[in-house]
Each structure stands twice: as structure tokens, then as C-alpha cells.
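Trainee: I would like to go through this model term by term and hear what each label rests on. Where do we start?

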Amino acid sequence: MTLERAYRWLLACYPREHRRQYEEEMLGVLLDDADPGQRRPRAKDVRALLAGALRARTQQAVVDLSSEHWRSTAAVFGLVAPLALLAYAGRYPLFNLTMAAFWGVPGFSSWQSWAQAQLPWETWVPAVGWLAVAVLAATRWRRAAAVLAWPAAVLEVLRAARDHGYYYTSVVGLWPVALAVLAAAALTVPASRSATALLGRWRIALLAGATLLVGSTLPTVAVMYFPAWQGGTVRTPLFFTNAVSALEAVLLGAGYLLGLGTVLSIRAPLRRRVLALLAPVGALLLLSRIGYVYLPFLHSHPFGPDEPAGLNPGQWLVLVLIPVLTLAVAVAAVHRWERPRPRHAPAGEN
Amino acid sequence: MNESPMREPTFLILTCLVEGPQHGYAILAEVRRISGGRVDLRAGTLYAVLDRLRAEGLAEVDREELVQSRLRRYYRLTALGAQRLAQETARMRDNVEAATARLRRAGLSLNGGIA
């Protein structure tokens with residue numbers, strides 16, 4: 001490899017805009033500064049070029065991430081994510097309360113049975129917390145939403161940490177942690193427009209509908225009131241990991257599709273960014289649901305919901321790196337997709 | 001305006017440009033000469049500083065020329081750059097004078113020994 005080619009490899013580490021401005025000039029300086037007969041870059045030059053490239057890329061990332069599109073995305077995500085977390089956290093306590101009210105406790109009325117359903121605080125506090133965050137985020141109280149979102153996110157971390165000794169629950173419980181941290185971070189970003197203004201009322205209504213369908217007990221109540229319609233049971237490795245009736249699966253599926261469709265209907269620059277922010281959550285979800293089948297590194301411990309076999313540090317490192325790298329790649333992909341493309345002159349035109 | 005202290009490579013690069021426009025390699029060589037070889041500026045560092053100086057309006061491109069089919073760009077100091085360099089020089093001079101006076105009062109020579 002010639003010295004010039006080696007320097008070109010190093011200069012390729014710089015962002016495209018920097019290369020466009022300085023690459024040829026820097027190459028000239030590097031070659032002018034080389035000793036006669038020098039065949040490899042000096043270590044000092046390699047260090048300075050790599051440090052310069054890292055600095056330039058960091059500056060570029062800061063400029064890109066502080067754009068108005070990302071600020072608006074943070075506002076939208078600051079509502080969408082708490083609604084998803086509400087749907088996730090609300091199902092268990094609402095299901096138990098509904099069951100208590102429906103089947104009743106011997107000697108008590110429905111409402112008394114409802115009151116008798118003593119739920120542990122960690123099952124209902126997150127649901128109440130995310131409900132409050134979502135309401136505040138939708139009503140232009142973003143600062144208050146952010147202040148509340150951080151302890152709610154910490155609670156999700158604590159819930160996951162509590163299960164760290166159990167292989168199954170520690171992996172399965174990671175995606176809400178990532179979503180909660182991203183939601184709190186998004187709400188902390190100052191935005192010039194509110195989520196309500198950016199999404200419009202009908203999208204807010206659709207998201208609320210999706211949250212109700214997925215997070216409330218509507219599907220369960222429907223099954224209880226229309227037992228003849230419940231059909232067989234459905235269990236899939238990705239969505240319905242706990243067996244549900246066919247009717248529940250249809251209603252829950254409708255909720256998932258409604259939420260996804262609403263997010264996909266957002267205008268393109270925000271939609272791309274919301275999906276980029278959801279990418280690490282999706283990666284963890286996939287990993288927790290089907291990843292262990294294909295990734296041998298998760299196989300070192302016996303698998304099972306009640307197997308007290310914690311992950312080893314290497315496995316934890318991978319589980320942390322996967323969402324971080326997925327987010328970095330997704331954000332880079334958005335910026336690459338939106339980069340102005342050079343316009344080619346038609347053939348024969350010079 | 002209360003500017004933060006300038007880093008040494010930045011100070012030396014601005015100093016190189018005081019007497020007239022210079023291209024990248026000439027700046028590298030001049031910085032080594034001014035600092036007596038103590039500051040061995042590399043191209044990666046030089047262009048990081050030049051890019052920032054241009055963004056801050058302290059330096060700008062004077063002209064471009066092709067030498068042996070390679071782009072050579074000359075940079076010059078702006079009025080703002082000259083003002084900023086003068087401020088930094090004054091700040092450093094004040095510090096040097098204060099330190100020198102105290103060293104003398106303490107009976108210490110500037111070489112670190114006892115006068």
C-alpha cells in the first residue's frame with residue numbers, strides 16, 4: 001500500500017462534508033510533511049487524524065441531533081412511548097381488577113371484590129405513573145412530564161434489576177427499560193411544538209384507542225361476556241407469548257395495528273426518527289422473544305421462567321450494546337437517507 | 001467579552017497568519033519554528049483547528065492554487081482573529097508579568113533556580 005493510499009484510508013474516517021472541504025488539501029500537507037522514502041503513516045499522524053475524525057463526527061452528530069426535526073420527534077416520542085408503556089404496565093393490574101370484579105370474592109359485591117383485589121404496589125404504580133406522564137405530555141406540561149418520567153423509568157430499571165437473577169425475566173423485561181429511558185430522555189429535550197400540535201387530534205385519539213385496546217381489559221371483558229366467540233387459543237413466539245383466546249388475539253392485534261398505523265401516518269421526517277428511536281426497543285423485543293433460539297451466547301444457562309440462572313457479565317454487556325448500537329445505526333441511517341443526493345446530469349449532457 | 005483562554009496550537013496558528021496568508025504545510029513548519037520544535041503540530045490537529053477558526057470567523061480562505069495537481073489553500077487572519085489574538089496576547093503578557101514579579105520578589109530566577 002502506498003503512503004498516499006494509507007492516508008486516504010485514514011481520511012475516509014472523516015465525515016463526508018469534511019472530506020469534501022479538506023481531503024485533497026490535507027492529503028497534500030501529509031505528503032509534503034512526509035520524509036523522503038517514507039512508506040507508512042507516522043503514529044503521531046495516525047493518532048491526530050483519528051482524533052480529528054472522531055471530533056468532526058461528534059460535532060456533526062451534535063449538529064444533526066439538535067435539528068428541529070429531532071426536537072419535534074422528541075415531542076412526539078414523549079407521548080407515544082409513555083402510551084405504549086401505559087398499555088404494557090396497565091394490563092396486569094387492570095386484568096386482575098377486572099377478574100376480581102367479574103368473578104367476585106365470596107361474600108362481597110362486585111365493587112367490594114374490586115377493592116379486595118390487593119395488588120402489589122409495583123404492579124400498579126408504573127401504570128399510574130405512565131398514565132400521568134402521557135396526560136401531562138399531551139397537555140403541554142412537558143416539563144412536569146419529564147420530571148415524572150425519570151422516576152418512572154428508574155422504576156422500570158428497578159423492576160428489571162429485581163429479576164436479574166432469573167434468565168428469562170431479566171431478558172424479557174429489558175425492552176420496557178429501554179423504552180422508558182428513551183421516553184424520559186425525549187421528554188427532557190426542549191421542543192418548540194407540543195406533541196398534540198404535531199400529531200393532530202385524530203392521531204391522539206387513535207393512539208388513545210390503541211392504548212385502550214392493548215392495555216385495558218377490553219379484550220378480556222369481551223371474552224368473558226361473549227364466551228362463545230372466544231374461539232381457540234393463540235400463542236406465538238413474538239406477540240402472544242401467553243396463550244390468549246382468538247377473540248383476544250384479534251382485539252389485541254387490532255390495537256397493535258392501530259398504534260403502528262398511527263405512527264406510520266406521521267409525516268416522513270418525524271416518522272423516520274420515531275422508528276429510529278423505536279429500533280433499539282424492537283431489537284430487545286426480538287432478542288427476548290426469539291433471539292435466544294438463534295443466538296448461542298444466550299444459551300450458557302438453562303432456560304425457563306423459574307430458572308434462577310442470572311446472565312453473566314458478557315451476556316449483560318451484549319444486551320446493553322445491542323440497543324445502543326441499534327440506536328446509533330438507526331440514527332445514522334436516517335441521516336444518510338436524508339442526505340441530499342448529487343444530481344446526475346442526463347447522458348450526453350456536459 | 002470574557003473569552004476562554006486559547007489553546008496553544010490555536011494561538012500559534014493565529015500567530016503564523018499575522019504576517020500574511022499561509023498554506024497548510026507552511027503553517028505546520030512555521031508553528032514548529034516559532035515554538036522551537038516544542039509543538040509538533042500534525043495535519044489532523046491543524047485542520048481541526050483551521051475548521052473551527054473558520055467557523056468562528058477568526059480565519060478565512062485567502063486563495064486556492066494547484067501545485068503539482070494538488071489543491072493548496074491559503075488562509076489569512078480576519079480582523080476578528082487579529083483582535084482575538086491581541087486580547088489573548090495581552091492576557092498572557094499580564095500573567096507572565098505577574099508571575100515574573102512574584103518570582104523576583106521571592107528571590108527566584110526565571111530559570112527556576114535561586115537568583
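Mentor: With the elements: helices (H or I, at least four residues) and strands (E, at least two) are DSSP runs, numbered from the N terminus. By that rule A:Glu4 falls in helix α1 of chain A, residues 3–11. Residue numbers start from 1 along each chain as its sequence is written, while chains are lettered from A and ligands numbered from 1 in the order in which they are written. The model is predicted, so local features need pLDDT of at least 70 and side-chain atom pairs count only at pLDDT 80 or more, whereas totals for chains, interfaces and linings use all residues.

Trainee: Why is A:Glu4 called exposed?

Mentor: Burial is judged by counting other C-beta atoms, placed from the backbone, within 10 Å of the residue's own: 20 or more is buried, 12 or fewer exposed, and in between partly exposed. A:Glu4 has 12 such atoms, so it is exposed.

Trainee: Which residues does A:Glu4 contact, leaving aside neighbours within four places in sequence?

Mentor: A:Leu27 and A:Leu31. A contact requires that the two C-beta atoms, placed from the backbone, lie within 7 Å. For A:Glu4 and A:Leu27, 23 residues apart along the chain, the C-alpha separation is 7.4 Å.

Trainee: What makes α1(A) and α2(A) a packed pair, and by which residues do they meet?

Mentor: From α1(A) come A:Leu3, A:Glu4, A:Tyr7, A:Arg8 and A:Leu11, and from α2(A) A:Arg19, A:Glu23, A:Met26, A:Leu27, A:Leu30 and A:Leu31. Sorted by class, that contact has seven nonpolar, no polar and four charged residues. The classes are nonpolar (Ala, Val, Leu, Ile, Met, Phe, Trp, Tyr, Cys and Pro), charged (Asp, Glu, Lys and Arg) and polar (the others, Gly among them). The two axes are 10 Å apart, at an angle of about 145°. Axes are lines fitted to C-alpha atoms, for helices over the stretch in contact, and angles run from 0 to 180 degrees between N-to-C directions.

Trainee: How do you know how α7(A) runs relative to α9(A)?

Mentor: The axes of α7 (residues 142–162) and α9 (residues 174–188) of chain A come within 8 Å and cross at roughly 160°. That angle makes α7(A) roughly antiparallel to α9(A). The bands are under 35 degrees for roughly parallel, over 145 for roughly antiparallel, 65 to 115 for roughly perpendicular, and oblique for the rest. Here the crossing is left-handed. Residues in this contact include A:Ala149 and A:Trp150 of α7(A), and A:Val181 and A:Ala183 of α9(A). By class they divide into 16 nonpolar, one polar and two charged.

Trainee: What makes a set of residues a nonpolar core, and which residues have the most contacts inside the largest one?

Mentor: A nonpolar core is a set of buried Ala, Val, Leu, Ile, Met, Phe, Trp, Tyr and Cys residues joined through C-beta atoms within 7 Å. The largest has 65 residues, with the most contacts at A:Val76, A:Phe77, A:Val80, A:Leu85, A:Ala149, A:Leu179 and A:Ala183. Helix α4 of chain A, residues 68–103, supplies the largest share, 15 residues. Beyond its neighbours within four places, A:Val80 contacts A:Leu207, A:Val263 and A:Val274. A second, separate core of 33 residues includes A:Tyr22 and A:Met26 together with B:Val31 and B:Ala59.

Trainee: How many residues of each chain take part in the contact between chains A and B?

Mentor: 16 of chain A and 14 of chain B. On the chain A side, α2 (16–32) and α3 (43–65) are the elements that give two or more residues. α2(A) gives the most, eight residues. That side divides into seven nonpolar, two polar and seven charged residues.

Trainee: Why are α1(B) and α2(B) called roughly perpendicular?

Mentor: Helices α1 (residues 8–16) and α2 (residues 24–34) of chain B pack at about 110°, with axes 9 Å apart. The angle falls in the perpendicular band, so α1(B) and α2(B) are roughly perpendicular.

Trainee: In what order do the elements of chain B run?

Mentor: From the N terminus, α-β-α-α-β-β-α, that is, four helices and three strands. Of its 115 residues, 26% count as buried.

Trainee: Last one: what makes A:Val128 partly exposed?

Mentor: A:Val128, in helix α6 of chain A (residues 121–138), has 15 other C-beta atoms within 10 Å, which is in between the two limits, so it is partly exposed.

How values were computed
A crossing is left-handed if the near helix is turned anticlockwise from the far one by less than a right angle, and right-handed if clockwise.
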